[in-house]
Amino acid sequence: MKKILTFSIALLSAAFAALAEGPMPSFATTTHDFGNIKEADGPVTYEFEFTNTGDEPLVIVSANASCGCTKPEVPKKPVAAGKSSKIKVTYLPKGRPGEFNKTIRVRTNAARPNKQINLKINGVVLPANN
């Protein structure tokens with residue numbers, strides 16, 4: 001009887017632990033198309049909005065772009081459960097005419113598969129002389 005009781009308590013503890021999901025980033029979108037942008041107009045920016053749909057604070061550990069021409073800015077403070085925030089991504093088109101496709105790898109304190117999220121930006125830079 002004691003073994004059954006011990007087993008039941010362990011099983012219930014595991015079940016409750018599985019229900020606690022921890023931090024969970026939920027993005028409105030993970031891609032943005034700037035369309036045609038003029039090199040002469042300078043940098044363009046987009047803000048990726050997200051909500052922490054989990055039950056613990058979400059921390060953006062890092063955000064790294066695939067190129068130095070793309071600059072991500074992340075929230076400095078943890079995002080509380082149920083709250084929203086933004087990751088600001090700026091693309092620098094100067095000297096880069098033509099199509100671009102860039103990826104920003106965002107690492108969080110969430111459990112897999114949401115530990116790393118890839119945000120993507122793309123568009124076409126029209127040369128300054130047009």
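Reply: This is a predicted model. Four of its strands form an open sheet in the order E1-E3-E6-E5, with antiparallel pairing.

Me: Why are strand E1 and strand E5 said to stand at the edges?

Reply: Strand E1 (25–27) and strand E5 (70–73) each have a single partner strand, so one side of each is left without a neighbour in the sheet. Neighbouring strands of this sheet are turned against each other by 30 degrees on average, direction ignored.

Me: How do you know that E5 and strand E6 pair?

Reply: Two strands pair if DSSP finds at least two bridges between them. E5 and strand E6 (residues 84–91) have four bridges, in the antiparallel sense, so they count as paired. Within this pair, lysine 71 stands opposite threonine 90 in E6.

Me: What makes the link of cysteine 67 and cysteine 69 a disulfide?

Reply: The criterion is a pair of cysteine sulfur atoms within 2.5 Å. The sulfur atoms of cysteine 67 and cysteine 69 are 2.5 Å apart, so the pair qualifies as a disulfide. The structure holds one disulfide. With 135 degrees about the S-S bond, this link is right-handed.

Me: Which strands pair with E7 over five bridges and over ten bridges?

Reply: Strand E4 (residues 60–65) pairs with strand E7 (residues 98–108) in the antiparallel sense over five bridges. E7 also pairs with strand E8 (residues 116–126), in the antiparallel sense over ten bridges. Serine 62 has arginine 107 in E7 as its bridge partner, and arginine 105 has asparagine 118 in E8.

Me: What makes isoleucine 104 buried?

Reply: The cut-off for buried is under 20% relative accessible area. Isoleucine 104 has 0% relative accessibility, so this residue counts as buried. Its place is in strand E7.

Me: Which residues does isoleucine 104 touch?

Reply: Not counting residues up to four places away in sequence, isoleucine 104 touches Ala63, Asn64, Ala65, Thr70, Pro72, Val89, Ile117, Asn118, Leu119 and Ile121. The C-alpha atoms of isoleucine 104 and alanine 65 are separated by 4.2 Å, although the two residues are 39 residues apart along the chain.

Methods: Residues are numbered from 1 along each chain as its sequence is written. This is a predicted model: local features need pLDDT of at least 70, side-chain atom pairs count only at pLDDT 80 or more; totals for chains, interfaces and linings use all residues. Side-chain values use heavy atoms; hydrogens and water are left out. Helices (H or I, at least four residues) and strands (E, at least two) are DSSP runs, numbered from the N terminus. Axes are lines fitted to C-alpha atoms, for helices over the stretch in contact, and angles run from 0 to 180 degrees between N-to-C directions. Buried means under 20% relative accessible area, exposed over 50%, partly exposed in between (1.4 Å probe, protein chains only). Contact means heavy atoms within 4.5 Å.
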